[in-house]
Structures are given as structure tokens and as C-alpha cells.
Amino acid sequence: MLLSMNVFATSEPPLDLTIHWVGYTSLILFVLAYILVMVEEFTHFRKSKPVILVAGVIWGLIGWMYTSQGLPYFAEVALRHNILEYTELFLFLLVAMTYIEAMRERHVFEALKVWLINKGLTFRQLFWLTGFLAFFISPIADNLTTALIMGAVVLAVGAGNPRFVTISFINIVVAANAGGVFSPFGDITTLMVWQNGIVGFTQFFSLFVPSLINFVVPASIMHFSIKNEMTTSNQSKVNIKLGGIIILLLFIVTIITAVSFHNFLHLPPAMGMMTGLSYLMIAAYFIRQSECKSQQEGFDVFRKVANAEWDTLLFFFGVIVSVGGLGFIGYLTLASEAMYLSLGATYANILIGVLSAIVDNIPVMFAVLTMNPDMSLGQWLLVTLTTGVGGSLFSIGSAAGVALMGQSNGLYTFVSHLRWTGVIVLGYGLSIGAHILMNAALFDVPV
């Protein structure tokens, strides 16, 4: 039954609503909702609220239209398919966020931050170290958490050097976004591509060198704008709480479990992540027992679940269901024909990366997956690369950039990032060129 439902959901719907008032209304409502998402920093109106409302309205209109035509089953199956896609993504991210929150509470990240601050490095050395750490941590943790940790280090050390803070923040955003591309766990877009079975786990590693070029080229140019002076900050040592290292190791084991479920058992990776959540829950029991004996407030894993980024998780629901509705109406078919048939896959994928600098890359990538253009493995890796690193072109193009703007106390802004967009564009272009040259054979490999 599930197989037949999936086949049915991906077939062409019987009604073309692209030139119907239902289609126009749905498209306008989604655009208005996304404008509210983009100005969240100024309105403080949580991004999940407008997109969830619009998702309900879009599918309500679709359901009403299909029911009035005596075809309710078409819309029902399509929506169930969208909800299933979201559920797998939701469970995966919920476990990852719970682990990150647990490690944060156990002071794993705080200990790393203080260790970096107390190293006694020069500003240039710290610039490169925070950049490389952002690049190599983001493939395991999400780029938002990575950027915030490295940003805290830069602020603590460079409080009296605003130019250093500004340039380092730009470097961290570029590095975190680039590092998230060559791993299924580094970004939501790579996770979606992997979970859909389009790119295999090890095949993402083909993007390592292009991703590295995307980070290193702008950093090498920005390097000369930082004075090679010694830092003077110093902070007291932070001890990792009981079980912190164990939780870090269990997180790595959880990732291995998810990969094994997907690669060897051909089961959804979300099931592997949920199995990994049980590792944390069992470990939390023993940590809590030990802490209660020493009169401490016990470690509570369910508080970590509660502290996950629920606004982000619900935002993904609104986006995936809304974009799925627009795809069912027929707009994504039109967009696919306009881009992939008219421009060709390479230019279309490069343009999609630029678009992700303005619009969040999650709906952009989900739209591409919904369009499902006939592309080779090399082209799918190209769009994975461009949507991942394209967000670095503007400060508002990624969660990392938006978060650091809020953390910087006015030292890192849209305009300050824009001044360096030229060198970031250079890295963007060279990374694309590197992928096309180095992975040329993959452009002939069908998916």
C-alpha cells in the first residue's frame, strides 16, 4: 500500500491549477509568508508561524478544489507523502539537536571555547584556527551551532579589535557553510539529498576539495586585512561535566548507526538516529543517578529534547508542506522547465546557489528535489554544493550568518559582509570550477 501511495503521489495531478485563482492565491500567500520569514530579525515574529499558517491554507484550498471535483484521494495521498518526508527529517534533526543541547549543557563546547581563548595566539592565527575548526566541525554538528561557538571565541578575544571581529565572523560563516557541504550531516540540504537516496554517504566526500577552495580562497585574501598582533584575553578553565565526553562519543556512534541503517540495512536513517537517541537516554539515567548521589540536580534528557530548536523544526514543516503544495498545483513543473530545460542543468544549478543567498536554502533544495530533474550524479552534487555555499554570498543567506549578526553587537552586519562579497563570489566560482574539473567523470554517472 505504501509503495502504491508513493507512486501515486509523485504522478501528475489531474488538475492544472497554475492559472486558477487557487494557484495564484497559494503562490501569493507563500511569498508573503516568506517575506515575514526574511524580516524576522527586525519584527521578532517567529519564522515558523507564517509558514505553518500558509501551509494549512494552501492545502485547504487544494483539498476544497479537488473535493469539489470529486477527486479527494489525489490531494490526500500527495499531502500524506509530504508529511512522511517531513517526519523522517524531523526525527533525524530532533535527535541531532538533542545531542547538541546535551553537549552544550555538559560544557563540552564551553571547554573548547575557553581552550581556544587561552592558547595565546595572534589575531591571524586565531582567524585561521576558528575558520578551520568551523569547517571541520560543521560536517558533524550543524553550521549554526558551529558558527555560534567560534563566534563566541572571536568576541571574547577581539572585543577591542572590531575589524578583526567583523572579518573573522565573515570567515566563520563561509567556513561553516562550506564545511557542511561534504557531509550528509553538515546541512539540512545535504541531509535531504542523502535521505532521498540520490547521493550516497561516501559520494559527498567528492565535494571536500571544492568546499575547501570555497573557504580557503576568500580567507587567504581577508588574511592580509588582519594585523598580526598578539591576543591578550584569558579565561578560567572550564571543566566538562560528568558524562560530557561519553555523550560526545555516543553522538559519533549514533551517526555511525544512522549511516549503517541507511547503507547496509536499506532503512530510513531517521530510524538509526532514533536508535541513537536511546543510547543517550540510557546514558542519561546513569549520569542522573550519579549526580543525585552527590546532591546535584540530575541530568534530564527530556529537558534536552524540550530545548531543541522547535521554531526551526516547525519552520521546516511549514516550508516542506507549502512547497509540496505548490509542486502539486504545478508551479514547480513550470519552474523546472523554465530553468533546467531552457538554461541546462549546470547553469540552472549555479543560479539556484545564487538564489539560496536570498531565500533560505531549505525551500530551494526541497523544490529541486520535488522537481526531480533528470540529472547525473555530478549535477546533483553540483546543486548540493551551490545551495550549501551560496548562502555565504550574503549575511542573510544562511542560519550561521543571521545568528552571528545577532551575536556581534553591531560589529558584523549585512553591509560589512557585502564589502567582502566579491572575494566570496570568487571562492564560489572557483569551487564550482574545481568540482566540474575534478569530478568530471561523475557528470556521466546516472542517478
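Which residues lie nearest the centre of the largest pocket, and how many residues line this pocket?

1. The model discussed here is predicted, so that local features need pLDDT of at least 70 and side-chain atom pairs count only at pLDDT 80 or more, while totals for chains, interfaces and linings use all residues. Residues are numbered from 1 along each chain as its sequence is written, and side-chain values use heavy atoms, with hydrogens and water left out.

2. The largest pocket is lined by 50 residues, and those nearest its centre are Lys47, Leu144, Glu309, Thr312 and Ala399. On a 1 Å grid over the protein atoms alone, a pocket is an open set of points with protein on both sides within 12 Å along at least five of seven lines, a cavity is a set of points where a 1.4 Å probe fits but cannot get out, and a lining residue has an atom within 4 Å of a point. The space in the largest pocket comes to about 1,300 Å³, where a volume is the space filled by probe spheres set on the points, and grid points are joined across faces, edges and corners.

3. Several helices give two or more residues to the lining of the largest pocket, among them α2 (21-38), α8 (143-157), α15 (310-329) and α20 (399-407), but α5 gives the most, with 7 residues. Helices (H or I, at least four residues) are DSSP runs, numbered from the N terminus. By class, this lining has 28 nonpolar, 11 polar and 11 charged residues; Ala, Val, Leu, Ile, Met, Phe, Trp, Tyr, Cys and Pro count as nonpolar, Asp, Glu, Lys and Arg as charged, and the others, Gly among them, as polar.

4. A search of the whole structure finds 1 cavity of 30 Å³ or more, and about 30 Å³ of space lies in the largest cavity. Its lining consists of Leu116, Ile117, Lys119, Gly120, Leu121, Leu126, Val157 and Thr231, which by class are 5 nonpolar, 2 polar and 1 charged.

5. Helix α17 (residues 345-355) packs with helix α22 (residues 421-438) at an angle of about 145°, and their axes are 12 Å apart. Axes are lines fitted to C-alpha atoms, for helices over the stretch in contact, and angles run from 0 to 180 degrees between N-to-C directions. From α17, Thr346, Ile350, Gly353 and Val354 meet Tyr428, Ile432 and Ile436 of α22, with contact meaning heavy atoms within 4.5 Å. By class, this contact has 5 nonpolar, 2 polar and no charged residues.

6. Val217, placed in helix α11 (residues 208-222), touches Leu426, Gly427 and Leu430, when residues up to four places away in sequence are not counted. Although Val217 and Gly427 are 210 residues apart along the chain, their C-alpha atoms are separated by 5.4 Å.

7. Ser376 and Asp444 are 68 residues apart in sequence, yet 6.1 Å apart in space, C-alpha to C-alpha.

8. His107, in the loop between α5 and α6 (108-117), has a phi near 70°, a positive value in a residue other than glycine, and it counts as partly exposed because its relative accessibility is 29%. Asn372, which is not a glycine, also has a positive phi, of about 50°, and lies in the loop between α18 and α19.

Methods
Buried means under 20% relative accessible area, exposed over 50%, partly exposed in between (1.4 Å probe, protein chains only).
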